[in-house]
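Q: Hi! I'm new to reading protein structures and would like a close look at one part. Could you walk me through it slowly?

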Amino acid sequence: MLRVNRPGGGVRVKICGLRTLADVDATAKAGAAYMGLVFFPKSPRHVDIDLARTLAMAAPVGLAKVALLVNPDDETLDHVLDQVPLDMIQLHGSETPERLAEVRARSGLPVMKAVGIRTAEDLAQLDQFDGVADQVLVDAKPPAGSDRPGGNGVGFDWTLIADREWKGPWMLSGGLTPENLAQAIAQTGARQVDASSSLEVVKGVKDAAKIAAFCAAA
Ligand SMILES: O=C(O)c1ccccc1N[C@@H]1O[C@H](COP(=O)(O)O)[C@@H](O)[C@H]1O
């Protein structure tokens, strides 16, 4: 079975939804590879441009700064790119492969595309982006009634991707916790993982001990 993003070391971690300098510090100290900044006003993890810039400027070398955007127009994209030093864009809306290519060209950055999975029918979406996006973020579909496309703390049936042969790099997310991470990795073969909700004391407020526990579990 071919698994492309298996560099041979440990599993790389993304901690998403950072909102304070203490979060950046905890994420760096725990050994995460990526930190995510959420630019989605309906999210409890939303950061405005000034805070995002402050947090990104505080990231040490080796901690990649990822901007999470949902169906951004060019004006929004340019504003974020002009103000915040970034290493990657995460598109978490209903962007098409064509829009992804535009965002990559406009930003000059690698683009990770989130795909929501609930049933086997959703795997067609993965086929659309696997090997096309610089990374695919394999997330759970939001539950009915949610006002955001991710960050809901829900998972999906990992057996749906257990035997998949990947064309490009990918990352697993959706309801991952320090407690279920080992099983998620064993079942899917993921070499990169992303979490947000389970690492909070209340929505939008990260906990350094939980961040450390998640990275240790990875
Ligand atoms: O975190 C959010 O609020 C958010 C808002 C809009 C789109 C995506 C969001 N978060 C991403 O969702 C996944 C799963 O998060 P969780 O661990 O289940 O809470 C994660 O990749 C976040 O980057």
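Which strands each supply at least two residues of the shell around the ligand?

A: Happy to! Keep in mind that this is a predicted model. The strands you are asking about are β2 (34-39), β6 (135-140) and β8 (192-195), and each of them supplies at least two residues of the shell around the ligand. There are 27 residues around the ligand, and the ones that come nearest are Cys 16, Ser 43, Gly 150, Gly 151 and Ser 197.

Let's follow β8 first. Val 193 lies in this strand. Leaving aside neighbours within four places in sequence, Val 193 is in contact with Val 11, Val 13, Met 171, Leu 172, Ser 173, Leu 176, Leu 181, Ile 185 and Ala 218. For a sense of distance, Asp 48 is 145 residues away from Val 193 in sequence, and their C-alpha atoms are 25 Å apart.

The largest nonpolar core has 61 residues, and Leu 37 and Val 193 touch the most other members. In general, nonpolar side chains in soluble globular proteins tend to be buried together. Not counting residues up to four places away in sequence, Leu 37 touches Leu 18, Val 47, Ala 52, Leu 55, Ala 56, Lys 65, Val 66, Ala 67 and Leu 68.

In α7 (residues 208-217), the buried residues are Ile 211, Phe 214 and Cys 215. Looking down the axis of α7, these buried residues fall within an arc of 95 degrees, so they line one face of the helix. The face turned away from that buried side carries the exposed residues Ala 209 and Ala 216. On the buried side, the packing partners are β1 (12-16), α1 (21-29), α6 (181-188), β8 and β10 (205-206).

Now to β6. The loop between β6 and β7 (170-172) holds Val 154. This residue counts as partly exposed because it has 16 C-beta neighbours inside 10 Å. Beyond residues up to four places away in sequence, Val 154 touches Ala 140, Pro 143, Gly 174 and Gly 175. Its C-alpha atom is separated by 23 Å from that of Ile 89, 65 residues apart along the chain.

Next comes strand β3, where Leu 69 lies. With 22 C-beta neighbours inside 10 Å, Leu 69 is another buried residue. Apart from neighbours within four places in sequence, its contacts are Phe 39, Thr 76, Leu 77, Ile 89, Gln 90 and Leu 91.

Leu 77 is partly exposed, because 19 other C-beta atoms lie within 10 Å. Leaving out residues up to four places away in sequence, Leu 77 touches Leu 69, Pro 72, Val 103, Arg 106 and Ser 107. Between β3 (64-69) and α3 there is a loop, and Asn 71 is found in it. With 13 other C-beta atoms within 10 Å, Asn 71 is partly exposed. The backbone of Asn 71 deserves a look: its phi is near 45 degrees, a positive value in a residue other than glycine. Most residues other than glycine have a negative phi.

Finally, how confident was the predictor? The mean pLDDT of the protein chain is 95, and 96% of its residues reach 70 or more. Residues 1-8 have a pLDDT below 50, and this stretch has 15 contacts in the model beyond near neighbours in sequence. The model as a whole scores ipTM 0.98 and pTM 0.95.

Terms used: Residues are numbered from 1 along each chain as its sequence is written. This is a predicted model: local features need pLDDT of at least 70, side-chain atom pairs count only at pLDDT 80 or more; totals for chains, interfaces and linings use all residues. A residue is near a molecule or strand if its C-beta atom, placed from the backbone, lies within 6 Å of it. Helices (H or I, at least four residues) and strands (E, at least two) are DSSP runs, numbered from the N terminus. A nonpolar core is a set of buried Ala, Val, Leu, Ile, Met, Phe, Trp, Tyr and Cys residues joined through C-beta atoms within 7 Å. A residue is buried if 20 or more other C-beta atoms lie within 10 Å of its own, exposed if 12 or fewer, and partly exposed in between; C-beta atoms are placed from the backbone. Two residues are in contact if their C-beta atoms, placed from the backbone, lie within 7 Å. The arc is that of the directions from the helix axis to the C-beta atoms. pLDDT is the predictor's confidence in each residue, from 0 to 100.
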